[in-house]
Each structure stands twice: as C-alpha cells, then as structure tokens.
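Have the sequence and the 3D view ready.

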Amino acid sequence: MTDRERIDEEREPMSRRDALGRLVAGGALAAGAGLGLPFLPRGARAEAWVQPAFKSRAVVRHTSGSMESVGGGIKVRRTIPTKGIADVDPFIFLDLFDLQIPAGAKAMLPPHPHRGFVPVTIMMEGAVGHRDSMGNRGIVDAGGIQWLTAGRGMQHADHGDVPFLRRGGRMMGVQLWVNLPRQSKMTAASIQEATPAHVPVVDHAGARARSLVGEAFGKKSSVRTATAMLLVDYGHTPGAG
C-alpha cells in the first residue's frame, strides 16, 4: 500500500471491529498503556477520554505482524513478538484471528496444554466454544472476553458445538497471552468470563469505551488479574460528531 492509499484509507470511518483489526494488524500495543484505539469522533474533546494515570509515550517505531499457523489449519496474524520486537513481557503473544467458517463446521483446535500464563480471548464477531480439564465448558460470544489462568497447568480445547459454527460466518477476535508473575506460576488453574452484557461501558459524544480488564472512566471490569493491566475496547459510531 502506498502512503497516498494509506492516507485515503485512514479518512474512511471505521467500525469498532475494523479499527481493532487494523490496530492488531499494524502492531500497536504499548505495555502498561493497555490495548485500545486512539481515535475519537469528530468534535469530541480528547481530554474527556484521557485517564489521569495514563502516561504519554512516544512511538519509537512501527512494525507489521506476520501470518503464523497455530494448528488445525488455522492461521493468525501475530503482532508480538516479531523479529524487531522481542522484549514484550508481561505479554507473550498478540494474535488476530479472522476466519470465514463454513456452515456445519466442527473441527477446531484439539486439546492442548497451557501452563504458567494467561490466554485471553476477546471475540469481536462470531463465537467460539471451549472446554477444559477442570470440567468447564462454555461459549464466548462476540463482545465477550475469556480470561483463562493456566497456573500450574491444564488441558484446553476449542470445540465446534456452537450454534454460530452450525450456521457459519465470520469469526474474528484477538488472543493475548499474558505472562504470570513468578510467584503466581503454580497457582491453581481457573477461568473467568464476561459476557457482552457484563462488560462495563462508558458512552461519550458518539464514542464508546468498554472496560474488558481493569478500570477505565469509573467503570471497573469484574475480571481479576495477577498482573496489573488495563484492557479497553474503544469504538465509535461512523460519522459521529
């Protein structure tokens, strides 16, 4: 894409999921600043969306993600780590998955082990089912988040017994792997989920902030973490302002 094409593309209004996809594909993640989209509707006051505890950081460089296979024929766009960005702790991976699922699909990722970190799944479109060796079984719908503390170890699988997969369609989301502190590596495995209806929301001038993890704009997520972090999903209504 040329610079001219990129500028023209940026002028087009973005939906929340398109903007998040562009964020992940472009490699924008600042440790300690949370995951979010730094845009506002036209006419919105920027200071209304700035948290007092936020620290302004300069962009050192830009990088692009690469396509990686994660098994089961599924490929993701991995933003971190890359050849140019290796030191990203407490984050391990940041992946964008954007799949077109045929109606009646069944096969997903088979059982696989996790230990010593937290896989975080954020669904933007579609849905994914899960089950694990602790007996948990459920569905993460679009707008929901799953915080899976692997701790001393567990087996996890993504399964196809989901109404969405039976009808097919677009499955889009983000998976962020968060490292556990040394003293928490051997904690008991546990799972936390927040449905779209249970994610705190703040609306302002056509923009929206959803507190997925941590507290933003006076709204606190129910997700408890061993590593202090803020994960906010920002969005806006096209043409707002």
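Phe-217 sits in the loop between strand 14 (215-216) and strand 15 (219-220). Strands here are DSSP runs of E with at least two residues, and helices are runs of H or I with at least four, both numbered from the N terminus. This is a predicted model, where local features need pLDDT of at least 70, side-chain atom pairs count only at pLDDT 80 or more, and totals for chains, interfaces and linings use all residues. Residues are numbered from 1 along each chain as its sequence is written, and side-chain values use heavy atoms, leaving out hydrogens and water.

Overall, you get three helices and 16 strands. Now for the backbone: most residues other than glycine have a negative phi, and most peptide bonds are trans. Here are some that go the other way:

| Where | Feature | Angle |
|---|---|---|
| Phe-217 | positive phi | near 55° |
| Ala-205 | positive phi | near 50° |
| Ile-80 to Pro-81 | cis peptide bond | omega near -5° |
| Asp-89 to Pro-90 | cis peptide bond | omega near 15° |

Pro-81 lies in the loop between strand 2 (74-80) and strand 3 (91-101), and Pro-90 is in the loop between strand 2 and strand 3 too. Ala-205 belongs to the loop between strand 12 (201-204) and strand 13 (207-213). Is Ala-205 buried, partly exposed or exposed? Buried means under 20% relative accessible area, exposed over 50%, and partly exposed in between (1.4 Å probe, protein chains only). Ala-205 has 44% relative accessibility, so it counts as partly exposed.
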